[in-house]
Amino acid sequence: MAISPKAFALLELLIDARPLAVSKARIRERIWPGIHVSAANLSNLVVELRAALGDDARRPRFIRTLHRFGYAFRAAAGPDRRAPEEAVVASDHAYLLVWGRREIALGPGENLIGRERDAVVWIDDEAVSRRHARITIGPNGATIQDLGSKNGTYLAGRKVRGSVLLGDRDAVKIGPVTLSLRVVRRTGSTRSSRSQGRR
């Protein structure tokens with residue numbers, strides 16, 4: 001799986017610094033020198049890199065997140081250790097959140113939703129907690145979990161408790177915002193949506 005030059009530069013930076021973590025500020029200076037970019041740019045780059053490495057944000061073998069600071073590279077231990085090029089996982093589906101006219105791609109592992117600037121889905125509203133909810137993309141599809149938010153997360157009008165499986169076109173309400181999940185099949189130049197039933 002090919003990765004973008006910036007994702008490769010990030011991987012190189014993290015490997016060079018290991019076992020120490022690299023701050024978000026230093027990463028931005030190295031990857032986007034002299035350019036102001038939003039926090040989502042870095043988050044999306046990490047998502048791209050994790051997808052290429054087959055890494056899981058919840059149980060990272062390669063890229064570890066240090067919340068509010070930055071990222072660190074770590075190698076997997078034991079007999080399961082694999083080189084990055086051997087850890088690539090291909091998926092025939094993509095997951096998107098539709099917010100009005102916007103489409104936000106969700107990467108493998110955890111996708112944070114909230115007022116925190118590093119969130120994959122950043123919602124700048126006082127009714128939304130900094131770390132409000134997360135959508136996790138795993139082998140069995142997409143699940144959503146509320147992270148103890150003050151106003152709750154709602155799926156089809158019901159408050160989310162625990163980890164709940166999401167299906168294609170499910171509507172998630174966070175504060176004043178309604179997000180719709182789309183699950184699309186990668187078929188070369190064409191993509192078609194796939195419905196998923198809850199289990």
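Which residue in β12 is the bridge partner of I144? The partner is V164. The points below set that pair in its context.

1. Basis of the note. This is a predicted model, in which local features need pLDDT of at least 70, side-chain atom pairs count only at pLDDT 80 or more, and totals for chains, interfaces and linings use all residues. Residues are numbered from 1 along each chain as its sequence is written, and side-chain values use heavy atoms, with hydrogens and water left out. Helices (H or I, at least four residues) and strands (E, at least two) are DSSP runs, numbered from the N terminus.

2. Confidence. The pLDDT (the predictor's confidence in each residue, from 0 to 100) has a mean of 80 over the protein, and 83% of the residues reach 70 or more. A contact means heavy atoms within 4.5 Å.

3. The open sheet. Five strands form an open sheet with mixed pairing, in the order β7-β6-β8-β9-β12. Its edge strands, β7 and β12 (163–166), each pair on one side only. Two strands count as paired if DSSP finds at least two bridges between them. Strand β9 (residues 141–146) runs antiparallel to β12, with four bridges; the I144 and V164 pair belongs here.

4. Strand β6. Residues 109–114 make up β6, and five of its six residues are buried (under 20% relative accessible area; exposed is over 50%, partly exposed in between, with a 1.4 Å probe and protein chains only). On one side, five bridges join β6 to the antiparallel strand β8 (residues 133–138), where I137 stands opposite G109. The pairing of β6 with strand β7 (residues 121–122) is parallel and has two bridges, with I113 opposite V121.

5. The cores. A nonpolar core is a set of buried Ala, Val, Leu, Ile, Met, Phe, Trp, Tyr and Cys residues joined through side-chain atoms within 4.5 Å. The largest has 23 residues, and those touching the most other members include I113, V121 and I174. The largest share, four residues, comes from β14. Beyond its neighbours within four places in sequence, I113 contacts several residues, among them L97, V121, I135, I174 and L179. A second, separate core of 20 residues includes A17, I27, I31 and V46.

6. Helix α1. This helix (residues 5–17) has 13 residues and reaches 18 Å from its first C-alpha to its last, close to the 18 Å expected (1.5 Å times one less than the number of residues). Its buried residues are A7, L10, L11, L13, L14 and A17. The exposed residues P5 and D16 are on the face turned away from the buried side. Packing partners of the buried residues include α2 (24–31) and α3 (39–53).

7. Backbone points to check. Most residues other than glycine have a negative phi. A156, not a glycine, has a positive phi of about 50°; A156 is in the loop between β10 (153–155) and β11 (158–159) and is exposed at 62% relative accessibility. R169 has a positive phi of about 70°, lies in the loop between β12 and β13, and is exposed at 53%.
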